[in-house]
Amino acid sequence: MKNYLYILILSTAFFLSSCDSDNSAAEPKAATTNSDLFAFVPADTPYLMASLEGPPEAWIEASLASTKPMIGNMQEFLNEMLKASTTDDEAGAESTALTTGSSFDIKAFAASLLNQYADNLSIEGLKNLGLDPTAQSVVYGLGPFPVARMSILDPQALRSTLDKAFAAAGETPAEKEMNGRKYWQVGDEKITLIASIGTAEVSFGLIPSNLIDEALANILGQSKPDNAMDAGAKIAKFNRQNGYTNHSSGWFKPEKFMNLFLNDNSSAASSFRGLLKIQDISITPVCEAEITAMVATVPLIHFGSSKLDRKEMHLKASIELDKETASELHQLTIDNVLNTSYSSSPFSFGFAMNLAKAREWLLATAKEKTQNPYQCAELAHLNTMYTAAYEGLNRPLPPLMGNLFGFNVGVDELDLESIMGQGNPIPKGKFLFSIITSNPQMLISMGQMFLPAVAAMNLTPGGDPEVLKLDGMAAITEPAWAAMSDSALGIAFGEGMDSQLLPFLSGGESKSGEFFTFGMSSKLLVQLMDHISKIMPESENMSTTDMEIFKASMDMYEDTFFKASLTDKGIVFEQQYKLK
């Protein structure tokens, strides 16, 4: 029955959350929150996710339209499951009933919800179902166990939607009631899902069955925790401080979560350890201290949307580190060598870091851990890892590696058919490649050892590109050029690409700790997926239908760009989308 409980949870959560997708956001502004929605969050929650306001209607319509192929695939999947149910029942397989003796078919319930959603993929359609397309929402933890609340427009319309799904499932589950608030309770002796429709919100809670009496009032919005936080105000302030919009943001506190395993004696923590079957594990004071110190190096993880208009959407996630570690990592980065946003190329890729300094930092870290190993037996494998790392790094660094910082790639055109060609080390197309280094002349000297033609070239920093003759490599038919700057050595392939080589070598605008970038147009990505489907047989991991769904989901984007940075606070990941 547990598998079908998960189907119920996932299908209902998708149905209700789809009108409030976290793939969208609004420009920062003061948010007017439903105070009741955010009033039940305990101050010690280890995580918190919230939407203080909804996205623009134009974006909602575009987002709903983009989900149609995915919804169709899910409908097909559930219909196949329904067809197979009869056969499974005859073969004695696990029943699809919600509980023993029940005629409630969870698959049919999920399929009905999905079909109703598919028939109402518009703002007005969602309202007809009782949902609020611009809903406010919050997800928090009672200990580790999630509680979700989301505003709705019409509780009666939402009940009507669910009644149709119950009818399709063959049974309407009996509702329970607490102080006038009705709710559904589904589960077994270990875990229970509570769901309830109020006058202006819908709420869920997934909790251990032995905590129902303790948690129910909070889930139903009838009892605030003694240590309740002012969640709406706190999230709004958090968004302003971290550059997030008021739609879709959140955080996770590793130390609070780890406490649930270590020294938290609350009923929620005890139940959590019981579900994981680790309640009898004894953690020594030494292990507790060392594990706590490790977790303290990552005090906070947070994420959210940082921009949305009709042209662009930006998402961001940050792993905050302790000040010393963040500062040390930030010093490994190099400014003005990477592009930090969309380029004119359909594909771009870059990596830049002071590799010599990075080696020194890793070596010092491994040495310190080797000299001061963990005393906790459960962490002994880390001692072995650090010892091996120290032995591997404590060797002389080749001159080339000591001067190497990274590389950049830019592709204007690419013949995908040539990638798999026999004897063709460089695919046909138009592209640029550069090696970022503090000593490009050294690279030229080494290149002369392998390509004698390089010796005849007169490459000077900032000089015009020189024709690169790759004698003996008959498979390469594209014209090629080489050029050099003060900080890079580059090669251009393809007709007319020589004119782009010097600007490509001039560096980028990176100055906020960026060390990795990746950009690709949706057109090239779709072409690549088509090519993969031709050269690889259909597999269980990526069927033809899955491939088509993925390609359709990319149709609303023109380009996507990803970058990762090492800042004085930690590691930051940013994903940018340019919308069609």
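Biologist: Why is threonine 340 called buried?
Modeller: Buried means under 20% relative accessible area, exposed over 50%, and partly exposed in between (1.4 Å probe, protein chains only). Threonine 340 has 11%, so it counts as buried. Bear in mind that this is a predicted model: local features need pLDDT of at least 70, side-chain atom pairs count only at pLDDT 80 or more, and totals for chains, interfaces and linings use all residues. Residues are numbered from 1 along each chain as its sequence is written, and side-chain values use heavy atoms, with hydrogens and water left out.

Biologist: Where does threonine 340 lie, and what does it touch?
Modeller: Threonine 340 lies in the loop between α12 (323-330) and β11. Helices (H or I, at least four residues) and strands (E, at least two) are DSSP runs, numbered from the N terminus. Not counting residues up to four places away in sequence, threonine 340 touches Glu509, Ser510, Glu514, Phe561, Lys563 and Gln576. Contact here means heavy atoms within 4.5 Å.

Biologist: What makes the pair of threonine 340 and glutamate 509 a polar contact?
Modeller: A polar contact is a pair of N or O atoms within 3.5 Å; within protein, one must be able to donate a hydrogen and the other to accept it, and residues adjacent in sequence count only if both atoms are side-chain atoms. The side chains of threonine 340 and glutamate 509 are joined by such a contact at 3.0 Å. The backbone oxygen of threonine 340 also lies 3.3 Å from a polar side-chain atom of lysine 563.

Biologist: Is lysine 563 buried or exposed?
Modeller: Buried: its relative accessible area is 10%. Lysine 563 sits in strand β18 (residues 557-566). Its C-alpha atom is 6.0 Å from that of phenylalanine 573, 10 residues apart along the chain.

Biologist: Which residues form an aromatic cluster with phenylalanine 573?
Modeller: Phe347, Phe349, Phe351, Phe407, Phe516, Phe518 and Phe562. The structure holds 17 aromatic pairs.

Biologist: Why is the pair of phenylalanine 349 and phenylalanine 407 called stacked?
Modeller: Rings of Phe, Tyr and Trp (its six-membered ring) pair if their centres lie within 6.5 Å; planes under 30 degrees apart count as stacked, over 60 as edge-to-face and the rest as tilted. These two centres are 5.6 Å apart and the planes are at 25 degrees, so the pair is stacked. Phenylalanine 349 is in strand β11 (residues 347-352) and phenylalanine 407 in strand β12 (residues 404-414), 58 residues apart.

Biologist: How do you know that phenylalanine 349 is partly exposed?
Modeller: Its relative accessible area is 23%. Phenylalanine 407, at 29%, is partly exposed too.

Biologist: What makes lysine 316 sit over the ring of tyrosine 244?
Modeller: A charge sits over a ring if NZ of Lys or CZ of Arg is within 6 Å of the ring centre and within 35 degrees of the ring normal. The charged end of lysine 316 is 5.1 Å from the ring centre of tyrosine 244.

Biologist: How do you know that the span of helix α4 agrees with its length?
Modeller: The expected span is 1.5 Å times one less than the number of residues. For the 13 residues of α4 (residues 106-118) that gives 18 Å, and the end C-alpha atoms are 18 Å apart, so the two agree.

Biologist: Why is α4 called largely enclosed?
Modeller: Because 11 of its 13 residues are buried. Among them are Phe109, Leu113 and Tyr117.
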